[in-house]
Amino acid sequence: MAETRTGKQLLHLVFGGELRDVETLEFSDLDKLDIVGIYPNYATAYDAWKDAAQRTVDNAQMRYFIVHMHRLLDPEAVGKDGATD
């Protein structure tokens, strides 16, 4: 599995779904969320996000997101490990 230059995995989750309204972040059906995957760094997560977003470009209600899981798992490490993503 790929790691960052520091040797640490900085996990990122890519997921998306159809929003009730494009002005909010409320999904219309949580059972239909598209969990694209979990990636070891921001660069690979970004590539996966871009691919998923481009596949659904015709659906204005569909949105994909990147969640910085490493920040959720270790919030005290944010900024200490040199991670900029």
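Predicted model: local features only at pLDDT ≥ 70, side-chain atom pairs only at ≥ 80, totals over all residues.
Contact here means heavy atoms within 4.5 Å.

**Overall layout.** I started by listing the elements: the chain has 2 helices and 3 strands. Going along the sequence, I read the pattern as β-β-α-β-α. I then looked up burial, and 28% of the 85 residues count as buried. The accessible surface comes to about 5,900 Å², and carbon and sulfur atoms hold 52% of it. For contacts with a separation of 6 or more, I found that 60% join residues 24 or more positions apart.

**The sheet.** Next I asked myself in which order the strands sit. The 3 strands make an open sheet, ordered β2-β1-β3, with antiparallel pairing. β2 (34-39) and β3 are the edge strands, each pairing on one side only. From one strand to the next, the twist averages 15°. I followed β1 (residues 12-18) against β3 and got 7 bridges, in the antiparallel sense. Within that pair, His 12 stands opposite His 68 of β3. I also checked what α1 does: it packs on the sheet and touches β1, β2 and β3. The direction of α1 makes about 170° with that of β3.

**Thr 56.** Last, I zoomed in on one residue. Where does Thr 56 sit? I found Thr 56 in the loop between α1 (42-55) and β3 (62-68). Its side chain reaches the backbone oxygen of Ala 52 at 3.3 Å. Setting aside neighbours within four places in sequence, I see Thr 56 in contact with Met 62 and Tyr 64.

Definitions and conventions. Residues numbered from 1 in each chain as written. Heavy atoms only, no water. Helix = DSSP H or I, 4+ residues; strand = E, 2+ residues; numbered from the N terminus. Polar contact = N/O pair within 3.5 Å; in protein donor to acceptor, adjacent residues only side chain to side chain. Pairing = 2+ DSSP bridges. Axes fitted to C-alpha atoms, helices over the stretch in contact; angles between N-to-C directions. Buried < 20%, exposed > 50% of the residue type's maximum accessible area, 1.4 Å probe, protein only. Areas by Shrake-Rupley, 256 points an atom, 1.4 Å probe, with all protein chains shown as cover.
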